Amino acid sequence: MSEYSMSTTNAITLRQFDYFVNTVQLGSLSAAARKFGVTPSAMSQQLDALEGLLGRKLFDPQSRRSTLTKFGTEFFAQATDVVATVDRALTIGQTFSDGVMTIGTTPTIANKLLPPLIYRMRADRSTENIEVRSYTNIRELYSSLDNGALDIAVGPLGRSAARFVYSFGEEELVVACHHSQESKFDGSWDRLAEAPWIRCGSDSDLTGIIARESERAGVNIRYAVTAPDVTAALSMVEHGVGVALVPKMSLHGSSRLLSTVRLPRTIKRELIVHARDMSLHVEKFLEIITNSDVVRKFGAAGLLEIRRSVAFRVPRRNPVPARPVLQDAE
């Protein structure tokens, strides 16, 4: 963080705020000093100066800066917000571009759902430029939204710091296999465990879902290949390399060499739009994605399952991927 002075308080700097917040968060002055590449004594001097300017002790003098005073606890809560706000402002300054709306999503949604939505936005001249970024790791998608690098995040999302959250449907997860191997599987995890598996990304949340389901069934999954994303995984399935758990919509318009295995329990994930602010671009995107004709076409094409949409504006915290909904097969 840059060494700018705080205009409301004589000579207090953002660097001092940063030093203080990190000392508390990391649990020791030495750890914070290592993070910033300074000596513990230099950092200690800055903290002493901060306490002098505030006229109050932040740390218990007997604790070697490991225990906060009552005032220090209150000041830490405010200082943390200051540091976070400045970090977000600096990030926005690095990523902001007039007339550009940035959408973050999964590779599958980027390939299957976004094109018709973006076509409509371009046809309506709603924005001059749209940038789409794909993430195989849902937590990275959350992080990019929270730090201001994205205007909108779309996908199987759970909780985030977004002010505007909109649920527009569900995606089903299926096991894809080569059509010549379809007869080998009866939908049980016992039979699926006999096949080599293809992981869709080294840090994909789909891997966690496979681990939970296979553990519940008491079987071990053997991965033969790690593909960079769902599209590459399906290409390997098409060539008979193995099987893969993928969103059902990823198979839309795919090769006839691909088949799906019906699982004993259907796995579905809620699809949600998260937006930090309600700009004109975001408002238009939500208007299009809630359009009844668009939603009906998505449902008819088998891209998603339609559910009653609910919009709300309550801030969410502690980002986690959406929990899959499991249903017994009929």
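## Ground rules

Residue numbers start from 1 along each chain as its sequence is written. Since the model is predicted, local features need pLDDT of at least 70 and side-chain atom pairs count only at pLDDT 80 or more, while totals for chains, interfaces and linings use all residues; side-chain values use heavy atoms, with hydrogens and water left out.

## The whole chain

The protein chain has twelve helices and 13 strands. These are DSSP runs, numbered from the N terminus: helices are H or I with at least four residues, strands are E with at least two. Of the chain's 330 residues, 44% count as buried. Buried here means under 20% relative accessible area, exposed means over 50%, and partly exposed is in between (1.4 Å probe, protein chains only).

As for contacts (heavy atoms within 4.5 Å), take those in the chain with a separation of 6 or more: residues 24 or more positions apart account for 73% of them.

Two packed helices are described by the angle between their axes and the distance between the axes. The axes are lines fitted to C-alpha atoms, for helices over the stretch in contact, and angles run from 0 to 180 degrees between N-to-C directions.

Start with H1 (residues 14–26) and H2 (residues 29–36), which pack at about 125 degrees with their axes 8 Å apart. That angle makes H1 oblique to H2; the cut-offs are under 35 degrees for roughly parallel, over 145 for roughly antiparallel, 65 to 115 for roughly perpendicular, and oblique for the rest. The crossing is right-handed, meaning that the near helix is turned clockwise from the far one by less than a right angle, with anticlockwise giving left-handed. On the H1 side, Arg15, Asp18, Tyr19, Asn22, Thr23 and Leu26 meet Leu29, Ala31, Ala32, Lys35 and Phe36 of H2.

H2 also packs against H3, at about 105 degrees and with the axes 9 Å apart, so H2 and H3 are roughly perpendicular to each other. Here Leu29, Ser30, Ala32, Ala33 and Phe36 from H2 meet Pro40, Met43, Ser44 and Leu47 from H3. The buried residues of H2 are Leu29, Ala31, Ala32 and Ala33, and they pack against H1 and H3. After H2 comes Gly37, with a positive phi near 70 degrees.

## Glu51 in H3

Glu51 belongs to H3 (residues 40–54). Glu51 is buried, at a relative accessible area of 5%. Setting aside residues up to four places away in sequence, Glu51 touches Arg56, Lys57, Leu58, Phe59 and Arg65.

## H10 and its ends

Further along sits H10 (residues 230–238), where Val230, Ala233, Leu234 and Val237 are buried. Looking down the axis of H10, these buried residues fall within an arc of 100 degrees, so they line one face of the helix; the arc is that of the directions from the helix axis to the C-beta atoms.

At the start of H10, a side-chain oxygen of Asp229 comes to within 3.3 Å of the backbone nitrogen of Thr231. Just after H10, Gly240 has a positive phi of about 80 degrees.

## His252 in a loop

His252 is in the loop between strand E8 (244–247) and strand E9 (258–261). His252 is partly exposed, with a relative accessible area of 37%. Leaving out neighbours within four places in sequence, His252 contacts Lys112, Ala301 and Leu303.

Conventions. A polar contact is a pair of N or O atoms within 3.5 Å; within protein, one must be able to donate a hydrogen and the other to accept it, and residues adjacent in sequence count only if both atoms are side-chain atoms.
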